[in-house]
Amino acid sequence: MVDIPRRRPRGAMRLRPVGDGELRLRPVGDGELRLRPVGDGELRLRHRVVHGYRRAYRMTGEGPALVLIHGIGDSSATWAGLIPGLARTHTVIAPDLLGHGASDKPRADYSVAAYANGLRDLLATLGVEQATLVGHSFGGGVAMQFAYQFPERTERLILVGAGGVGREVNPVLRAVSLPGAHLALSALRLPGMAFQARLFAHLIRLLDTDLGQDAPELLTLVDALPDATSRSAFIRTLRAVVDWRGQVVTMLDRCYLTEGMPTLLVWGDRDGVVPVRHAYGAHEAMPGSRLEIFEGAGHFPFHAEPARFLALVQEFVGGTSPADWSRERWSALLRAGRPGTAAGRADVVRSRALERDLREASERSAT
């Protein structure tokens, strides 16, 4: 088996298993700094049936609700190292989205709007009326869509390497959206292909490519597609947001509606899946948003520097007040429309970069 080295920024922290489900946070090249033990109940998967489908989730802690939404092909396990720290001050809910992880994988609607609806209904069954949403990658698009559909339920947004900003996306995902993807993904389960995949991941890591920064995570995603049902759900989800030309949904046309909602954008400057320039476009389009760039990190900055990410989330949530939504204010924002437009005519002083992203992002909105 090929061993994949994980180079990290100086001073970065790393999570590693130490047995019995416990995790430690260890400074690279230094003595160990240990987080409190992870209790059996904190990372245990629970299940709730909603609309006839079993949905898996992790839930622990006390205090205001904090919902962690994973990306495409991933699961709630991606947040395992952060949940104990966040649960000190919050009720943390980390679902496996429908079609992912241990949740059911029906032949169903896997659009971002459907996921936002499903998340609302799961939270309702858990007695959670309002929450701060933390969304990674595709999960960032789901979080943004949730905030658009249910602003009265959204206290804050934390978007991490979020999709839905510009057309660009890694060519591998564009290729998987094409016809025949089922066969290509099935081939990864053939004898010897696991070794080939690890060898490829090792190579892109050695070549110091942007995508190589997330090589171990990419292998985890391959392992998460063990059967035809999982692969079908993955492809359906991907095709809802990506085609051969790139991302086909956009949140830029309604980002102005986040005015007054505390929003934090987190990106790795070596993100090989959703390029970091999308972070700047989203930051410009979202009034009052805050942008944090993790230097040297790829598409999973919360894996590259978990201690920094944890501290950032705690500081942001603790230092901001929940959004104060009102129907009157929402209506006023809608009537005013996106800044830089009037009576359907674009303002000539509008940012050229943002206007380009709006033109390229998609022919349809993320409704």
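Helices of at least four residues and strands of at least two are DSSP runs, numbered from the N terminus. In this predicted model, the protein chain has 13 helices and 14 strands. Of its 367 residues, 52% count as buried. Among contacts between residues at least 6 apart in sequence, 73% join residues at least 24 apart. The points below cover an open sheet of eight strands, two of its buried strands, E6 and E7, the packing of helices H2 and H3, and three loop residues, His51, Ser137 and Leu252.

- The eight strands of the open sheet follow the order E3-E4-E6-E5-E7-E8-E11-E12, with mixed pairing.
- Strand E3 (46–50) and strand E12 (290–294) are the edge strands, each pairing on one side only.
- From one strand to the next, the twist averages 25°.
- Strands of a sheet pair through backbone hydrogen bonds, in either a parallel or an antiparallel sense.
- Helix H11 (residues 306–318) lies across strand E5 (65–69), strand E7 (131–136), strand E8 (154–160), strand E11 (263–268) and E12. Relative to E12, helix H11 runs at about 170°.

**Strand E6**

- Strand E6 (residues 91–95) has five of its five residues buried, so it is largely enclosed by the rest of the structure.
- In a regular strand the side chains alternate between the two faces of the sheet.
- Both faces of E6 are covered: Thr91, Ile93 and Pro95 lie on one side, Val92 and Ala94 on the other, and all are buried.
- E4 and E6 run antiparallel and are joined by four bridges; Tyr57 stands opposite Pro95 in E6.
- E5 and E6 run parallel and are joined by three bridges; here Leu66 stands opposite Val92 in E6.

- Strand E7 is mostly covered, with six of its six residues buried.
- Ala131, Leu133 and Gly135 point one way from E7, while Thr132, Val134 and His136 point the other way; all are buried.
- E5 pairs with E7 in the parallel sense over four bridges, and Ile69 stands opposite Gly135 in E7.
- E7 also pairs with E8 in the parallel sense, over six bridges. His136 has Val160 in E8 as its bridge partner.
- E7, H3 and E8 together make a right-handed β-α-β unit.

**Packing of H2 against H3**

- Two packed helices are described by the angle between their axes and the distance between the axes.
- The axes of helix H2 (residues 112–125) and helix H3 (residues 138–149) come within 8 Å and cross at roughly 70°.
- Angles of 65 to 115 degrees count as roughly perpendicular, and H2 and H3 are therefore roughly perpendicular to each other.
- On the H2 side, the contact involves Val112, Ala113, Tyr115, Ala116, Asn117, Leu119, Arg120 and Leu123. On the H3 side, the residues are Phe138, Gly141, Val142, Gln145, Phe146 and Gln149.
- By class, this contact of H2 with H3 has nine nonpolar, four polar and one charged residues.

**Loop residues**

- His51 lies in the loop between E3 and E4. His51 is not a glycine, yet has a positive phi of about 55°.
- At 58% relative accessibility, His51 counts as exposed, because the cut-off for exposed is over 50%.
- Ser137 lies in the loop between E7 and H3, two elements of the β-α-β unit. Ser137 also has a positive phi, near 55°, in a residue other than glycine.
- Ser137 has a relative accessible area of 10% and is therefore buried, the cut-off being under 20%.
- Leu252 lies in the loop between strand E10 (246–247) and E11. With a relative accessible area of 2%, Leu252 is buried.
- Leu252 and Met286 are 34 residues apart in sequence and 8.3 Å apart in space, C-alpha to C-alpha.

Terms used:
Residues numbered from 1 in each chain as written. Predicted model: local features only at pLDDT ≥ 70, side-chain atom pairs only at ≥ 80, totals over all residues. Heavy atoms only, no water. Axes fitted to C-alpha atoms, helices over the stretch in contact; angles between N-to-C directions. Parallel < 35°, antiparallel > 145°, perpendicular 65-115°, else oblique. Contact = heavy atoms within 4.5 Å. Nonpolar A, V, L, I, M, F, W, Y, C, P; charged D, E, K, R; others polar. Pairing = 2+ DSSP bridges. Buried < 20%, exposed > 50% of the residue type's maximum accessible area, 1.4 Å probe, protein only. Right-handed = clockwise from strand over helix to strand, strands pointing away.
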